[in-house]
Amino acid sequence: MRLRAVLFDMDGTLLDTAPDFIAICQAMRAARQLPPIDEQRVRDVISGGAKAMVQAAFDLSPQAPEFEALRLEFLERYQDGCAVHSHLYDGMAQLLADIEQARLIWGVVTNKPLRFAEPIMQQLGLAQRSAILICPDHVTRSKPDPEPLLLACSKLELDPASVLFVGDDLRDIESGRDAGTRTAAVRYGYIHPNDNPDHWGADVVVDHPSDLRRVLDQALCGC
């Protein structure tokens, strides 16, 4: 079936949102007279969400008495600063332009709550271009469940087989596969050092957004 749409995971796939997460972790540490943390420690656990980043930033167990207050502070700070340093990955702007020029549609299916995802899309000038934004707020089960992708395909009136879903986590590939979409895993995202995208069962694995252009060309010509 001819490709008609490309859907992206947000963090670590479409956007490099790590700089904002890192800035918040550093600010929280500085407020407590703690030295800066190695930025890579935060990047390695971004896919685990606020809980994992707070654990990394403060070397605390979630069972620690002060942990929940730190997690809530992290989320409050992120609400105010979720799109200060975040940006499209290198090569992604051209890829989106190529997708649009090919008369394909693109959108975002993310596990990031709408209160964060929507402002980021708006402030980066992507909201008007994206055909759809699906967040956990819109479904009862998030990725790796196929529900978010099935909802996106339904709203776009597309057969899942005509959609390519791109992600940087195993749960993205599982969600796409179970929904019936084609899947692409990216190596450039927020991948834990002990993980390997080659083992996720994606239809294709790429190193850079520019590599996705070749994947699209092959899909469009039926190669």
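**Helix contacts, cysteines and backbone**

Mentor: Let us begin with a contact between two helices: D20, F21, I24, C25, A27 and M28 in α1 meet L70, E73, F74, R77 and Y78 in α4. Please bear in mind throughout that the model is predicted.

Trainee: How many nonpolar, polar and charged residues are in the contact of α1 with α4?

Mentor: The α1 side of this contact includes D20, and the α4 side includes E73 and R77. Asp, Glu and Arg count as charged. By class, the contact of α1 with α4 therefore has three charged residues, no polar ones and eight nonpolar ones.

Trainee: Are α1 and α4 roughly parallel or oblique to each other?

Mentor: Helix α1 covers residues 18-30 and helix α4 residues 67-80, and their axes come within 10 Å. The axes cross at roughly 125 degrees, and α1 passes α4 in a right-handed crossing. The relation of α1 to α4 is oblique.

Trainee: Which residues of α3 does α1 meet?

Mentor: Helix α3 spans residues 49-58, and its axis comes within 10 Å of that of α1. From α1, the contact is made by F21, C25, M28 and R29. Of the residues in this contact, six are nonpolar, none is polar and one is charged. The partners in α3 are M53, A57 and F58.

Trainee: Are α1 and α3 roughly parallel or oblique?

Mentor: Their axes cross at roughly 45 degrees, and α1 passes α3 in a right-handed crossing. Angles under 35 degrees count as roughly parallel, so the angle has to be compared with that cut-off. The two helices, α1 and α3, are oblique.

Trainee: What is the handedness of the crossing in which α4 passes α6?

Mentor: The contact joins L75, Y78 and Q79 of α4 to R115, F116 and I120 of α6. By class, its residues divide into four nonpolar, one polar and one charged. The crossing of α4 past α6 is left-handed.

Trainee: How many disulfides does the structure hold?

Mentor: A disulfide needs two cysteine sulfur atoms within 2.5 Å. For C82, the nearest cysteine sulfur is that of C135, 12 Å away. For C153, the nearest is also that of C135, 16 Å away. The number of disulfides in the structure is zero.

Trainee: Is C82 buried or exposed?

Mentor: The cut-off for buried is a relative accessible area under 20%. The value for C82 is 2%, and that for C153 is 2%. C153 is therefore buried, and C82 is likewise buried.

Trainee: What is the phi of Q33?

Mentor: Q33 lies in the loop between α1 and α2 (39-43). With 69% relative accessibility, Q33 counts as exposed. Although Q33 is not a glycine, its phi is positive, at about 55 degrees.

Trainee: Where is the place of D59?

Mentor: D59, a residue other than glycine, has a positive phi near 50 degrees. Its relative accessibility is 65%, and D59 therefore counts as exposed. The place of D59 is in the loop between α3 and α4.

Trainee: Is L15 buried or exposed?

Mentor: L15 belongs to strand β2, residues 15-16. Leaving aside residues up to four places away in sequence, L15 touches M10, H87, L88, Y89, I120, L124, L126 and Y190. The relative accessible area of L15 is 0%, so L15 is buried.

Trainee: How many Å apart in space are L15 and I99?

Mentor: In sequence, L15 and I99 are 84 residues apart. Taken from C-alpha to C-alpha, the separation in space is 16 Å.

Conventions: Residues numbered from 1 in each chain as written. Predicted model: local features only at pLDDT ≥ 70, side-chain atom pairs only at ≥ 80, totals over all residues. Heavy atoms only, no water. Buried < 20%, exposed > 50% of the residue type's maximum accessible area, 1.4 Å probe, protein only. Axes fitted to C-alpha atoms, helices over the stretch in contact; angles between N-to-C directions. Helix = DSSP H or I, 4+ residues; strand = E, 2+ residues; numbered from the N terminus. Parallel < 35°, antiparallel > 145°, perpendicular 65-115°, else oblique. Left-handed = near helix turned anticlockwise from the far one by under 90°. Contact = heavy atoms within 4.5 Å.
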